[in-house]
Amino acid sequence: MQTNENMTILERANTAFMTEQSETTNTAVSFLNDLISLNRDIIKVYETAVERLEKENNVRLLNNYAQQHERFVAELSNLVVRFGGEPSSSGSGSGLAKQAWVTLKAAVTDGDGSVLVEIVPDSEKVLMAYSATMAQDIPEEARELLRRHLTDARLAHKKLSAMSVAYSN
């Protein structure tokens, strides 16, 4: 009799654990999809900025950052699938407005500086979104991936900020 009671307790504990894990995973999928959309947005902003830049080294740098975010999208999408979700296939929509603004700003001002100044806030937005997601209850596998992305994104933001300041002076 005691064995059956123990099995029932173990089964209930296992069910509760699985339910908790499932909720954590579902929450993670939602946050990861938000990051996928944000990364898609910044890729478009970088691509738009590249079309407006004059200096080849700046073009190369932003192309590299766009590729970095494409890698982020691929890795995040793979994780969403592993967690049983469907990866986001589009940006958030705010990227379209930013693309238009970068295009307009470049059309009415001269030089790479004005374009670079406009993309720094987007780089900051990526950092904030990753940091906010890291503060959530997400599986360790997701947290580790986000740590790596955040490290790369911080380096990119630091470089873009420094360039923006240099062009402003």
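How do the axes of H2 and helix H4 (residues 112-134) cross, and within what distance do they come?

**Entry 1: ground rules.** I am working on a predicted model, where local features need pLDDT of at least 70 and side-chain atom pairs count only at pLDDT 80 or more, while totals for chains, interfaces and linings use all residues. Residues are numbered from 1 along each chain as its sequence is written, and side-chain values use heavy atoms, with hydrogens and water left out.

**Entry 2: H2 and H4.** I find that the two axes come within 13 Å and cross at roughly 20 degrees. Axes here are lines fitted to C-alpha atoms, for helices over the stretch in contact, with angles from 0 to 180 degrees between N-to-C directions. H2 is therefore roughly parallel to H4; angles under 35 degrees count as roughly parallel, over 145 as roughly antiparallel, 65 to 115 as roughly perpendicular and the rest as oblique. H2 passes H4 in a left-handed crossing, meaning that the near helix is turned anticlockwise from the far one by less than a right angle (clockwise would be right-handed). From H2 the contact uses Asn-58, Leu-62, His-69, Phe-72 and Leu-76, and from H4 it uses Asp-112, Leu-116, Ile-119, Val-126 and Tyr-130. Contact means heavy atoms within 4.5 Å. By class I note seven nonpolar, two polar and one charged residues in the contact of H2 with H4. The classes are nonpolar for Ala, Val, Leu, Ile, Met, Phe, Trp, Tyr, Cys and Pro, charged for Asp, Glu, Lys and Arg, and polar for the others, Gly among them.

**Entry 3: H5 against both.** I checked H2 (residues 56-82) with H5: the axes come within 11 Å and cross at roughly 160 degrees. The two are therefore roughly antiparallel. Their contact has 15 nonpolar, three polar and six charged residues. For H4 and H5, I read axes that come within 8 Å and cross at roughly 155 degrees, so this pair is roughly antiparallel as well. The residues of the contact of H4 with H5 divide into 14 nonpolar, nine polar and five charged.

**Entry 4: Leu-160.** I located Leu-160 in helix H5 (residues 140-168). Is Leu-160 buried or exposed? Leu-160 is buried, because its relative accessibility is 0%; buried means under 20% relative accessible area, exposed over 50%, partly exposed in between (1.4 Å probe, protein chains only). Leaving out residues up to four places away in sequence, I list its contacts as Tyr-46, Leu-62, Tyr-65, Leu-116, Ile-119, Val-120 and Ser-123.

**Entry 5: the tyrosines.** I count two aromatic pairs, a pair being rings of Phe, Tyr and Trp (its six-membered ring) with centres within 6.5 Å, and planes under 30 degrees apart stacked, over 60 edge-to-face and the rest tilted. Tyr-46 and Tyr-65 form a tilted one, at 6.1 Å centre to centre and 45 degrees between the planes. Tyr-46 sits in helix H1 (residues 2-52) and Tyr-65 in helix H2, so the pair ties together parts 19 residues apart in sequence. Tyr-46 is buried at 1% relative accessibility, and Tyr-65 is buried at 10%.

**Entry 6: whole chain.** I count five helices and zero strands, helices being DSSP runs (H or I, at least four residues) and strands likewise (E, at least two), numbered from the N terminus. Buried residues make up 43% of the 169 residues.
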